[in-house]
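Here is a friendly walk through one protein chain, meant to be read with the model open beside you. Take your time and find each residue as it comes up.

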Amino acid sequence: MPDATAPAALPHAEIRAAVARLCADFPGEYWRRVDGERAYPTAFVQALTKAGYLACLIPTDYGGSGLGLAAAAAILEEIHRSGGNGAACHAQMYVMGTLLRHGSHAQKERWLRPIAAGELRLQAFGVTEPAAGTDTTAIRTTAVRRGDRYVVNGQKVWTSRAEHSDLMLLLARTTPREQAVKKTAGLSAFLVDLRAARGKGVTIRPIRTMLNHATTEVFFEDLEVPAENLIGSEGDGFRYILDGMNAERILIAAECIGDSRWFIAKATEYAKSRVIFNRPIGQNQGVQFPIARAYAASEAADLMVQRAAALYDVGEPCAKEANMAKLLAADASWQAADMCLQTHGGFGFASEYDVERKFRETRLYQVAPISTNLILAYLAEHVLGLPRSY
């Protein structure tokens, strides 16, 4: 019987097949070793970069592939469906959108071309702060203009991949909140060259977490950023990064679909081959039904991911769809993860099966990059018209 989740049965089949061939060089043993060592998957990221996949959204004018978000989603989904983890490098796809949409031609020429060529990594997104959490308008990191430079002071947290990135997209307050015309004003976006900043105003400290996510906290102390690294207009940074958040949610939703399909395939294979009481456990409805439910949930969520990506690619409003895609896909992947672990029983906890690693990895998306509760609050207020809850 054909695999209903095989690349040929899905959009962008050629891209998926090519990504799957690349991922075959990085099997479970590779990811287990990287996870065990808490290491960055450098070889994998280099292979993706060399193949041009991390430059898929960069226009051809700047050396990229000029593909749409749906193609980028297919790339990341296939990485996760193959048992890998695109979180090591997915930020480059959506972070650079702020530069692409709001940067000057000179900035694009300076930064996008070497990013597309694989000479620079733009992986770090400096937004979240310890006291502000998901209330981005409450951030306290400041950038004060002094001549041809901005001087940055403050702290960021959960800034993933900062240790492995050449550039950071930084959001900082250029106007005190109490002086801003509204709470979303007075925030500005900058490109920070981490190569020059490390040890000269920037300190990066890793945070150990339950999964290998290369996340950090970043401290800024009188960091000087050239004024020419300001993206767009001063004070409009919050609006700029919102543009990228829909893309982020769609792409991470695609990763969740990849995870769910990996879990479903893994559980199905195990249920067919594992024999207890002289019969495969997959013959039992108590094992069959959770797998079937997870499959149905995953396929339904994928339709929303595809719809959100299609709207994004034609420039239509898609905040509702992007949020629902992330919510439904994250729920589907977590449902599939729990099912897969339960199907494997005690063996699911053994690292050699990769289930426990993927279980930990996909759990993140109930919380990040936006929690399910905030998505529900957004839908309640902005879609259904219910009273604002926060």
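## Backbone spots worth a look

Asp222 sits in strand β7, which covers residues 216-226. Its phi is positive, at about 50°, although Asp222 is not a glycine. With a relative accessible area of 48%, Asp222 counts as partly exposed; the scheme calls a residue buried under 20%, exposed over 50% and partly exposed in between, using a 1.4 Å probe and protein chains only. Trp158 is also not a glycine and has a positive phi, of about 55°. You will find Trp158 in the loop between β3 (149-157) and β4 (167-173).

Where is the cis peptide bond? Look at Ala368 and Pro369, which it joins with an omega of about -5°. Pro369 belongs to the loop between α11 (355-363) and α12 (372-383).

## About the model

This is a predicted model, in which local features need pLDDT of at least 70 and side-chain atom pairs count only at pLDDT 80 or more, while totals for chains, interfaces and linings use all residues. Residues are numbered from 1 along each chain as its sequence is written, and side-chain values use heavy atoms, with hydrogens and water left out.

## The chain as a whole

The protein chain has 12 helices and 10 strands. These are DSSP runs numbered from the N terminus, with helices (H or I) of at least four residues and strands (E) of at least two. Along the principal axes, the C-alpha atoms fill a box of roughly 80 × 50 × 40 Å. The radius of gyration is 21 Å, which agrees with the value near 21 Å for a compact globule of 390 residues; this radius is taken over C-alpha atoms, and the globule rule is 2.2 Å times the number of residues to the power 0.38.

Of the 390 residues, 53% are buried. Taking contact to mean heavy atoms within 4.5 Å, 73% of the contacts between residues at least 6 apart in sequence join residues at least 24 apart.

## Two nonpolar cores

A nonpolar core here is a set of buried Ala, Val, Leu, Ile, Met, Phe, Trp, Tyr and Cys residues joined through side-chain atoms within 4.5 Å. Which residues have the most contacts inside the largest one? They are Phe44, Met93 and Ile250, in a core of 77 residues. Helix α8 (residues 237-273) gives the most to this core, with 11 residues. Apart from it lies another core, of 20 residues, including Ala124, Leu170, Phe190 and Ile204.

Leaving aside residues up to four places away in sequence, Phe44 touches Leu22, Cys23, Phe26, Tyr30, Trp31, Ile79 and Asn85. As a general point, nonpolar side chains in soluble globular proteins tend to be buried together.

Is Asp302 buried or exposed? Asp302 has 5% relative accessibility, so it counts as buried. Its place is in helix α9, residues 285-313. Not counting residues up to four places away in sequence, Asp302 touches Glu77, Ile257 and Arg261.

Gly286 is found in helix α9 too. Gly286 has a relative accessible area of 64% and is therefore exposed. Between Gly286 and Thr343 there are 9.6 Å in space, C-alpha to C-alpha, and the two are 57 residues apart in sequence.
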